[in-house]
Amino acid sequence: QVDLVESGGGLVQAGGSLTLSCVASARSTMGWFRQSPGKERDFVGSISRTGHTTLYDDSVRGRFTISRDDARNTMYLQMNSLKPEDTAVYYCTANSRTVGSKLSTEYEYWGQGTQVTVSS
């Protein structure tokens, strides 16, 4: 069992930046998904257990960066150049594999989510 707690969501203007954090109760491969009302939960990015491998969705590549601090059991999502279409609830997730995946079904553990709202 891995418990995950996200923080850092909020309201930001388009073009601005925001950093989300996710504290995990155990070291795992971790990722971020997001979900807007009426839409599917979409992959944002992931980072492997070692931190050596990251994956990003095309919609955020070059704007978002995932990192981890294993001394703090924390994963971060640095979001720059935010757009109104980035507005969503962002979920931290983890699995017991060694690398991440773009499929939500391959993650066993989920946080409660944190709202990110980007105003135009």
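**Close-up views of a predicted model**

View 1. The largest cavity has a volume of about 40 Å³, the volume being the space filled by probe spheres set on grid points joined across faces, edges and corners. The model is predicted: local features need pLDDT of at least 70 and side-chain atom pairs count only at pLDDT 80 or more, whereas totals for chains, interfaces and linings use all residues. Residues are numbered from 1 along each chain as its sequence is written, and side-chain values use heavy atoms, with hydrogens and water left out. A search of the whole structure finds 1 cavity of 30 Å³ or more (a cavity is a set of points, on a 1 Å grid over the protein atoms alone, where a 1.4 Å probe fits but cannot get out; lining residues have an atom within 4 Å of a point). Among the lining residues are Ala24, Met30, Arg27, Arg68, Asp69 and Asp70. The lining comprises 3 nonpolar, 2 polar and 4 charged residues (Ala, Val, Leu, Ile, Met, Phe, Trp, Tyr, Cys and Pro count as nonpolar, Asp, Glu, Lys and Arg as charged, the others, Gly among them, as polar).

**View 2. The salt bridge between Asp70 and Arg27.** Asp70 forms a salt bridge with Arg27, the closest N and O atoms being 3.2 Å apart (a side-chain nitrogen of Lys or Arg within 4 Å of a carboxyl oxygen of Asp or Glu). Asp70 lies in the loop between strand 7 (64–69) and strand 8 (74–79) and Arg27 in the loop between strand 3 (18–24) and strand 4, so the pair ties together parts 43 residues apart in sequence (strands are DSSP runs of E, at least two residues, numbered from the N terminus). Asp70, at 27% relative accessibility, is partly exposed (buried means under 20% relative accessible area, exposed over 50%, partly exposed in between, with a 1.4 Å probe and protein chains only).

**View 3. The salt bridge between Asp86 and Arg63.** In this pair the closest N and O atoms of Asp86 and Arg63 are 2.8 Å apart. Asp86 is buried, with a relative accessible area of 1%, and Arg63 counts as buried at 11%.

View 4. Ring pairs link Phe33, Phe43, Tyr107 and Trp110 into a cluster (rings of Phe, Tyr and Trp, its six-membered ring, pair if their centres lie within 6.5 Å; planes under 30 degrees apart count as stacked, over 60 as edge-to-face and the rest as tilted). Both Phe33 and Phe43 are buried. The charged end of Arg41 sits over the ring of Tyr91, 3.7 Å from its centre (CZ of Arg or NZ of Lys within 6 Å of the ring centre and within 35 degrees of the ring normal).

Notes: 1 Å grid on protein atoms, 1.4 Å probe; cavity = no way out; pocket = protein on both sides within 12 Å on 5 of 7 lines; lining within 4 Å. Helix = DSSP H or I, 4+ residues; strand = E, 2+ residues; numbered from the N terminus.
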